[in-house]
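Welcome, and please have a look at the model below before reading on. The notes that follow start with one chain and then turn to its neighbours.

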Amino acid sequence: MKSTQTRNNFKRGLAAVAATFGLLTGAAVAQEPIKIGSFLSVTGGAAFLGDPEQKTLELYVEKINAGGGVLGRKLQLVAYDSAGDAEKARTFVKRLIEQDKVDVLVGGSTTGETMAVVPLVEAAQIPFISLAGAVVIIEPVKKWVFKTPHTDRMACEKVFIDMQSRKLAKVALISGAGGFDKSMRAECLKVAAKHGIEVIADETYGGGDTDMTAQLTKIKNTAGVQAVLNPGFGQGPAIVTKNYRQIGITVPLYQSHGVASKEFIKLAGTAAESVRLPAAALLVADDLPTSDPQRSVVVAYKKEYESRFKSEVSTFGGHAYDGLMLAVEAMKKAGSTDKAKVRDALEGIRGYMGTAGVVNLSASDHMGLDLTAFRMLEVKGGNWTLVK
Amino acid sequence: MQYLLTGLTVGAIYALVALGFSIIFNASHVINFAQGEFVMIGGMATVSLVAAGLPYLLAVPLAVAAAALVGLALEKFAVEPARGASVVTLIIITIGASIFLRGLAMLIWDKNLHALRPFTGDAPIAVAGATILPQSLWVLGVTLAIVLVLSWFFGRTLLGKAMLATSHNRLAAQLVGINVRMVLFVSFGLSAALGAIAGILIAPITTTSYDVGVMLGLKGFAAAILGGLGSGVGAVIGGLALGIAESMSAGYLSSAYKDAIAFVIILAVLFFMPSGLFGQRGGERV
Amino acid sequence: MLALAAAIAVLPLALSNNYFYDIAVLVGLNAIVCVGLNLLIGFAGQISLGHAGFFGLGAYGSAILASRYGWPPLAAMFTTTLAVAALAYVVGRPILRLKGHYLAMATLGLGVIIYMVITTEDKLTGGPDGISVVPFRIGGFVLQDERVWYWVVGALLLLAVWLALNLIESPMGRALRALHSSEVGAEVVGINAADHKVMVFVISAVFASLAGSLAAHYSGFVTPGKVTFLHSIELVTMVVFGGMASTFGAVAGAAVLTTLPQLLTVFKDYEMMVFGAVMMGTMIFMPRGVVPSLERLFQRRRQSASAASEREDA
């Protein structure tokens, strides 16, 4: 009798120990954070891309963790500053994949950095959501590479369609020396004819240039120019805009989504009046009609960002928000952080509402936005307004 | 005509930066690669002070003084301890200083671009078929004033003449009782002030940010070399020439290659005049 | 020299994953450029603020010939190196007549011109976004994995160091050192200063170009980011930091300055400040560079130790 009881006790004790052990390891596994790897141009020439992107990622990783995390696990952000340098980006991505062992990558502020790490990402088979602009990132489609911002080609098309509606057909281009500038200029030249636009002048300026009156004078002296488009970002477009008014060019000026932020208006001052550009609805969040399906998402993001960081919201931060949310959404759908499952889940996301627009990903479209995601904005009274 | 006016404006800024290079070089035979950062400090400090509510008349001198202080600190803490080192080592120290200052600026301010309101408004003035901003007139005017003041300083005042003497022959200057260390100290402060003034003048036209110093420092250095290192006149002429050359190439040749053309011109000048336009013909002691 | 070989052989024990191998390969490539640059700066007493230009030409030359035109990588690398050597020769003659800061400016200008051409001719070079490069192939053998590259670069580095050391000890090396201390004096004893200067300029350009070609194949892409004025300054800093006129100093300098940014990421926002402060600090306290300063330290220790033992005996 006693021996059976002892044996039973022993078995129960063993079971209890085993159960506790199982619970502990299970709990230990559950406590392991989901690692989101990121490489952004927080310093350097593309700092106004990377800075809001990093702030956004930090803010929302915190918020998501405060709300209980994803799949019962906390998120951990591992971010490096690649300063716009493709070499650094490559080294940091190697570090993220091999050393930090992240589960998913959200980053790559510039196209150069993104393209540099594509071979690494494909070889390591890890899902990567890029925050850069050029169409070459997702065309041709690469299995593990996605992106959230609109492509530069879409920006060109939106501008050209608006020009068509205003009966402007002969256009001058002025662009900078950066990757974004050159890529968008090339796309614009490609799609111009399709929209009935003829490019009759094509000037360029250098990255650190402080004066573009020479190039603009050439444009002014070209006969028949009906509108000017400036694919560019950074300080270049602000100076172009100021010089534009200074030498008295009167035809409409269009900028690119590269300067879609309040900063541009501050820098260009009164010269920015009546400048038009294609941008995400985020910039005019409060002006969107209540019936607009995007309104709640963009207003919420704007409020959060501005109250936390005391500075104007920017569309680039919005792209980071979309990237993080898509990654989280995919992980929830897949029910795990297994890289292949998350990748497949990403391709299956339909009708997701982000700050950039409605996202419909698929096996053939790794960006998911269409032209409705772009709104045409105009500067009126020192502010962005929606062009109806 | 437009190209000429633009070139003059940009050239005046290069000239101020180049003067800064020349002054420090004269006192110590060191090229101060942190010169560009003084330009940046001038612009950014003024932005902050104006944003804090100070009027321009107060903000500008304060910003210049701040930059001068940084220049003095740089001399005291980075250059003086390494006095006996080779020229290359000193260059690396100033490069390290410029990186340090840029990192510091990133933290004190931010990474965004900032605009400064022009001194007397935005309306362009028409001159002979071209337009010029009122701010450009300020740039040219102040540069001219500074050049005049400096030539008075170096020609008439005791301290200025002492600095000139040091640049010609350091040992001899020490022998006649000139405090060479003080000369070095002052030259850093003076160069920093010049750089800061350049930064403040140009900021309303071009916006400013924490890394605006890199390119301007490089172009200022190029201008100083073009004019001949150590020659104040050379620095000014070199700066103006560089600015005009850039502007003309952008207008008449290729706007994409304008920077390259400027450097090609510099290389060509150096090939034919190895000491720059006004530099001292070097003789080598055996 | 043996110590270096031993270090290269033993290092993999400390490298636990591909990321560390990656850094090691980058160090090796930078070291090759620095060994060449050191010959120019440390021994011949010249200066070049444009060597990133030669590195970039090597990288882009290989990249364009191998990727766009489908040449076999070895042939592409060989042709590119020859072209760069020719350019260095043609440009070197007039440029090296300049001295001191003027020479610095001229080489700087050269580097900037190369950068501008690469960035502007985007149809050929892909412009600021660069182009991707096929991996290095010899016959059927593809050089891909980080670990394999490590051994290749390690071996090439040893070769470069060996070449440099031999050059320094040769009559040509002695001529260079004579040039360094006094150009007029050297000419008086019959050394053709111009010829020798151009020769060492070309050699250092070749080292840089080869390293560039290899780097292009290793990374799988090239961008103008490595061809900038700032990178030229980095290279000169590596040489000076490690110790001019010390070949191993050049290697050490490359090693420290390539790995330092990786270590400094813990400082996040303060990284730039700390990097600048480190540069200033080491140059102020060790103005001859790290390796010579350490050598002097050990020499003094040894001297005082032997002096002490002598006193004991006496």
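Helices here are DSSP runs of H or I with at least four residues, strands are E runs of at least two, and both are numbered from the N terminus. With that in hand, chain B of this predicted model has eleven helices and two strands.

**The fold of chain B**
- Following the sequence, the elements of chain B come in the order α-α-α-α-β-β-α-α-α-α-α-α-α.
- Chain B is as compact as a globular protein of its length, because its radius of gyration of 19 Å is close to the 19 Å that the globule rule gives for 286 residues.
- The C-alpha trace of chain B spans about 55 × 45 × 35 Å along its principal axes.
- Of the 286 residues in chain B, 58% are buried.
- Among contacts in chain B with a separation of 6 or more, 75% join residues 24 or more positions apart.

**Where chain B meets chain C**
- Chain B brings 40 residues to this contact and chain C brings 35 residues.
- On the chain B side, helix H4 (87–108), helix H9 (213–227) and helix H11 (258–272) are the elements that each give two or more residues.
- H4(B) supplies the largest share of that side, with 14 residues.
- By class, the chain B side holds 31 nonpolar, six polar and three charged residues.

**Where chain C meets chain A**
- Here 18 residues of chain C are in contact with 21 residues of chain A.
- Helix H2 (residues 18–43) of chain C gives the largest share of the chain C side, three residues.
- That side of chain C is made up of four nonpolar, ten polar and four charged residues.

Key:
Residues numbered from 1 in each chain as written. Chains lettered and ligands numbered in written order. Predicted model: local features only at pLDDT ≥ 70, side-chain atom pairs only at ≥ 80, totals over all residues. Contact = placed C-beta atoms within 7 Å. Nonpolar A, V, L, I, M, F, W, Y, C, P; charged D, E, K, R; others polar. Rg over C-alpha atoms; globule rule 2.2 N^0.38 Å. Buried ≥ 20, exposed ≤ 12 C-beta atoms within 10 Å, placed from the backbone.
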